[in-house]
Amino acid sequence: MRKKLGIPRIIKIQKVNGLTIQCMFNNGESRILDFDGIFKQWKIGENDVEYPLLSPDEFKKVELRNFTLSWPNIPVTLLSEDGSEVRHPYELSPDELYRLSEPAEASSSQKFGSLIRTARIKAGLTQEQLAQRSGTSRFYISRLENNRTDVELSTFRKIVEAGLDKHFKLIIE
């Protein structure tokens, strides 16, 4: 059984458009961060460190650093343990970024569930019949079709090839 990743981390910045960023998190989800809305919610004003990020030219300088969003062009000065000042890029907690984000699209598992349900119905099979043919359980097929579980590639292949008697082909573009 796969272990759930409890701490959200950003593994890729997929797209920056205006004050919106699409990121991929370590759970495989692509999520959208609308900073225009976030900054309005936070009531960012001229005296706030984030204020320069209201400019799309400054905002688009975002980078991925330590699995979170980082703006090296927005310095933040902090005190070190010895009392000296240390400059760091402006960063936000990935946990908070995940909380503030919205899903970009249906996740792969949701797409898989719909594909399985459509193919099963087209083949005239019940969930029980598909489960028996693929070596899984009706409960698992139901959870998969209703987007209540992820699917491992090997299990998906069994369902497609043994259960639905179809060919499995994976294309990465």
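## Exercises on salt bridges, helix packing and surface

A salt bridge (a side-chain nitrogen of Lys or Arg within 4 Å of a carboxyl oxygen of Asp or Glu) joins the side chains of Glu161 and Arg157, with an N to O distance of 3.3 Å. The structure is a predicted model, in which local features need pLDDT of at least 70 and side-chain atom pairs count only at pLDDT 80 or more, whereas totals for chains, interfaces and linings use all residues. Residues are numbered from 1 along each chain as its sequence is written, and side-chain values use heavy atoms, with hydrogens and water left out.

**Exercise 1.** Determine how Glu161 and Arg157 are placed in helix α7, and classify the exposure of Glu161 and of Arg157.

*Solution.* Step 1: helices (H or I, at least four residues) and strands (E, at least two) are DSSP runs, numbered from the N terminus. Step 2: Glu161 and Arg157 are four residues apart in helix α7, so about one helical turn separates them. Step 3: buried means under 20% relative accessible area, exposed over 50%, and partly exposed in between (1.4 Å probe, protein chains only). Step 4: Glu161 has a relative accessible area of 29% and is therefore partly exposed; Arg157, at 47%, also counts as partly exposed.

**Exercise 2.** Describe the salt bridge between Glu145 and Arg120, and the surroundings of Arg120.

*Solution.* Step 1: the side chains of Glu145 and Arg120 meet at 2.6 Å, N to O. Step 2: this pair links distant parts of the chain, with Glu145 in helix α6 (residues 138-145) and Arg120 in helix α4 (residues 108-122), 25 residues apart. Step 3: both residues are buried, and the relative accessible area of Arg120 is 10%. Step 4: with neighbours within four places in sequence left aside, Arg120 is in contact (heavy atoms within 4.5 Å) with Leu125, Thr126, Gln127, Leu130, Glu145 and Leu164.

**Exercise 3.** Are α5 and α7 roughly parallel or roughly perpendicular?

*Solution.* Step 1: axes are lines fitted to C-alpha atoms, for helices over the stretch in contact, and angles run from 0 to 180 degrees between N-to-C directions. Step 2: helix α5 (residues 127-134) packs with α7 at an angle of about 100 degrees, and their axes are 8 Å apart. Step 3: angles under 35 degrees count as roughly parallel, over 145 as roughly antiparallel, 65 to 115 as roughly perpendicular and the rest as oblique; α5 and α7 are therefore roughly perpendicular. Step 4: Leu130, Arg133 and Ser134 of α5 make the contact with Lys158, Ile159, Ala162 and Gly163 of α7.

**Exercise 4.** Locate Arg9 and list the residues that Arg9 touches.

*Solution.* Step 1: Arg9 lies in the segment before β1 (10-17). Step 2: Arg9 counts as partly exposed at 27% relative accessibility. Step 3: residues up to four places away in sequence are not counted, and Arg9 touches Met24, Phe25, Asn26, Phe67, Pro94 and Asp95. Step 4: the C-alpha atoms of Arg9 and Asn66 are separated by 8.6 Å, although these residues are 57 residues apart along the chain.
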